[in-house]
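Here are my notes on this model, point by point. Please read them with the structure open.

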Amino acid sequence: MIDRDAVRSNAKYLRNVRPVDPEEICEYIEGTPHPAVVRETLREEAFDLGMVERDDGTFVPVEDDPVPYRDWAPTEFPEEHAFRFEDLLVERHGVNWHRGESGDRLRESIRRLKEDYYYQNDVEYDADAALGYGIYHLPDYYAAIGYVLDDLAENGLLPRTLRVLDVGAGAGGPALGLHDYLPEDSLVEYHAVEPSASADVLDHMVAGTRSNFKTEIHRETAEAFDPLSIVPDGEGFDLVLFANVLSELDDPVAVAERYLESAAADGSFVALAPADLNTSTGLREVERALAPADGGATVYAPTLRLWPGHVPSDRGWSFEAGADVAAPAFQRRLDEAGAATEGRTPGDGTFANETVQFSSTVLRRDGKRRVDVTADGSRYAKMAEMERHVTNRIDLLAVKLSGDLSEGEGSNPLFKVGDGSEAVEHYAVLTKRDALNEAVARAGYGDVLAFENVLCLWNGDEGAYNLVVDAETVVDRVA
């Protein structure tokens, strides 16, 4: 048994002098343990010591600078992750896992999962369902998390020393995306809460992460697990993540509220959901419950509240579209193997999922927002009072909450917008694009826009307000 206190004290002393070398420290420890034992002890104590392991096997203090902004937009699922996942498929079902009975079972499990999500049925994950879930969702869930991390990193709110709690971690898509987003010299203590058979897939996938990304899986339900049991007194998680799991909880608001309290005072609570109507609007219901008008958490992004004391009460269906991620080999194999017998065309989207679309929210307890902008009633119209402005030209602030929703060529570009006070949907319609108003089309999802001289109309067919952006309108991106 190694003297851990001696290893820690020696590391604390040497870290301010030179890189900590396990081969040097072992000489100062009673019994002169093997350097490999000292190295493993340092890895286990690295987070508390604030030290990262370098390629040469020595340990140095982690940098104080936050994680840099990445402008994340992957178009492929990294081969090292794809190979690791397919190794698991081969281990479970042999080299022809995508053919015959095993292929049929996996395709059926994916169909059943998609149907259960669509009809809001309870979802259960046995071994085949967990693998099917991984086949279909590992790539797009991997990609989605990085877009949200970008929103935090651009304001320096993602520390290099990061304690993470991933609730309902599934097969590991968000965990792998987080791992690849962070720089190699970051120091991560990653905890996953996953009670289903997906935990076996997750365990296999995170086994390939770097040594400075320390992982632990807690095979309990979100309701039963106590998040405060794994953090020191008075501390919390820098990142609490609920990725694509809120819709599977019986009481998502109560569970999310309890985990929000486990976030550090300067930490972030992040939730993602598939872009479909039910899961997306369900996420907004949780967001609005956790960030009421009279207190609670602050919405950091993307649905900023630009008017203090207001909370939106519209349907709230909005989602972000990232770059497509090319179907990895394991998706193509399963897709093509069943196409002939099922009478369909390979690549029709049944099993090759290349689209990255998701809804998200980032909540914080310190009041910080992605863009610190507040609307002024003496200058801007408020969406909560839009009825009084119908047929008038007005100025307003709004957050862009969609890509182009028009029906394509020949249609005017259409974008969902909101200011955090809206009771019904508002859409910006670009009828005459020019250099003074094209910001409405060029801005990114979640950007704040200032509209000057936009025409407000009521669309009775859609039960929504149209904000007509024409040659008389000026649109600027704020901050």
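**Notes on the model**

1. Ser9 counts as partly exposed, at 43% relative accessibility. The scale used here calls a residue buried under 20% relative accessible area, exposed over 50%, and partly exposed in between, with a 1.4 Å probe and protein chains only. Ser9 is found in helix H1, residues 4-14. Helices (H or I, at least four residues) and strands (E, at least two) are DSSP runs, numbered from the N terminus. From Ser9 to Gly322 the chain runs 313 residues, and their C-alpha atoms are separated by 47 Å.

2. A word on the basis. This is a predicted model, in which local features need pLDDT of at least 70 and side-chain atom pairs count only at pLDDT 80 or more, while totals for chains, interfaces and linings use all residues. Residues are numbered from 1 along each chain as its sequence is written, and side-chain values use heavy atoms, with hydrogens and water left out.

3. UniProt, in an unreviewed entry, places "domain: DUF8157" at residues 4-55 and 384-478. Such positions are given in the numbering used here, feature names are shortened, and annotations may be inferred rather than shown by experiment. Residues 4-55 are 58% helix and 6% strand, with end C-alpha atoms 23 Å apart. Residues 384-478 are 4% helix and 43% strand, and their end C-alpha atoms lie 21 Å apart.

4. How do H5 and H6 cross? The axes of H5 (residues 100-118) and H6 come within 8 Å, at roughly 80°. That makes H5 roughly perpendicular to H6. Axes are lines fitted to C-alpha atoms, for helices over the stretch in contact, and angles run from 0 to 180 degrees between N-to-C directions. Angles under 35 degrees count as roughly parallel, over 145 as roughly antiparallel, 65 to 115 as roughly perpendicular and the rest as oblique.

5. On the H5 side, the residues that meet H6 include Arg105, Leu106, Arg112 and Tyr117; on the H6 side, Asp128, Leu131 and Tyr136 are among them. Contact means heavy atoms within 4.5 Å. The residues of this contact divide into nine nonpolar, two polar and four charged. Here Ala, Val, Leu, Ile, Met, Phe, Trp, Tyr, Cys and Pro count as nonpolar, Asp, Glu, Lys and Arg as charged, and the others, Gly among them, as polar.

6. H6 (residues 127-153) also packs with H11 (residues 329-342): the axes come within 9 Å and cross at roughly 140°. H6 is therefore oblique to H11. Gly134, Ile135, Tyr136 and Pro139 of H6 make the contact with Phe330, Gln331 and Leu334 of H11. Five of these residues are nonpolar, two polar and none charged.

7. Helix H7 (residues 173-181) is largely enclosed by the rest of the structure, because nine of its nine residues are buried. Among them are Pro174, His179, Asp180 and Tyr181.

8. Now two loop positions. Ala381 sits between strand E10 (357-364) and strand E11 (393-400). Ala381 is buried, at 7% relative accessibility. Beyond neighbours within four places in sequence, Ala381 is in contact with Trp307, His389, Ile394, Asp395, Leu396 and Asp419. Asp251 lies in the loop between strand E6 (237-243) and helix H9 (252-260). Asp251 is partly exposed, with a relative accessible area of 43%.
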